[in-house]
Amino acid sequence: MKKIVYILLSLFVTASISSCVTGNDDSVVLKELEDAFKKTPRVTDLLVDGVAPSRDSLSNWVHFSVNPGDVVSITAILNTGDGASSSTYTIYRQYYGQVYAQEGPMPVEPMTEMDFEYGAGSHEFSLNYTVPTEDDDGFLFEPHNIITITFISINDKGGAGFTDLILEYEE
């Protein structure tokens, strides 16, 4: 009896895995996720000094190395998502913590606002950001301190997305 249960269980697992591996397009859940992603407002073609963000061998995002006084060129395409007529992007920076920031969100200098509204389609965004020497309280940055620049987007269809860009001070 145990053998029959193990055989049936292994057949079920094999069938489940093979349908995932073969790229079966009949998956209703997969189609729903793909449709939802198309409707999501998002940042595409993000570049920092002409370099796209990348991941390391453990799939962690690689930080962009910077030094105080560097002028970093950030460019991106902001997409409102399929079927949306507008989206709002909130763009801000935070110092130090990647997960738990030690300072509140602030506009990315030289911008003075954090919220931007865009109409339907894709829109080009560019910014030249001067890497500061000290934080908002006058403390000097040290090696491995980070600045997180965040793009949060919400469109009129209820879609939402976010993208983080991390600048890390070199040694």
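Trainee: Why is F162 called exposed?

Mentor: F162 has a relative accessible area of 62%. Exposed means over 50%, buried means under 20%, and partly exposed lies in between (1.4 Å probe, protein chains only). F162 is over the exposed cut-off, so the word applies. Keep in mind that this is a predicted model: local features need pLDDT of at least 70, side-chain atom pairs count only at pLDDT 80 or more, and totals for chains, interfaces and linings use all residues. Residues are numbered from 1 along each chain as its sequence is written, and side-chain values use heavy atoms, with hydrogens and water left out.

Trainee: Where is F162 found?

Mentor: F162 is in strand 8 (residues 160-169). Strands are DSSP runs of E with at least two residues, and helices are runs of H or I with at least four; both are numbered from the N terminus.

Trainee: What makes I152, I154 and F162 a patch?

Mentor: They form a nonpolar patch on the surface, with about 300 Å² of accessible area together. Patch members have over 30% relative accessible area and no salt bridge; nonpolar side chains (Val, Leu, Ile, Met, Phe, Trp, Tyr) are joined within 5 Å, like charges within 9 Å. The areas come from the Shrake-Rupley method with a 1.4 Å probe, and for residues only the protein chains shown count as cover.

Trainee: Why do R93 and E109 count as a salt bridge?

Mentor: Their side chains meet at 2.7 Å, N to O. The rule asks for a side-chain nitrogen of Lys or Arg within 4 Å of a carboxyl oxygen of Asp or Glu. The value is within that limit, so the pair qualifies. R93 lies in strand 4 (residues 86-95), and E109 in the loop between strand 4 and strand 5 (115-119), 16 residues apart.

Trainee: Which other salt bridge does R93 form?

Mentor: R93 also pairs with D136, the closest N and O atoms being 3.0 Å apart. D136 sits in the loop between strand 6 (122-130) and strand 7 (146-155), 43 residues from R93. D136 is partly exposed, at 41% relative accessibility. Shared partners join R93, E109 and D136 into one network. The count by this rule is two salt bridges.

Trainee: What makes R93 and Y95 a polar contact?

Mentor: Their side chains are joined at 3.4 Å. A polar contact is a pair of N or O atoms within 3.5 Å; within protein, one must be able to donate a hydrogen and the other to accept it, and residues adjacent in sequence count only if both atoms are side-chain atoms.
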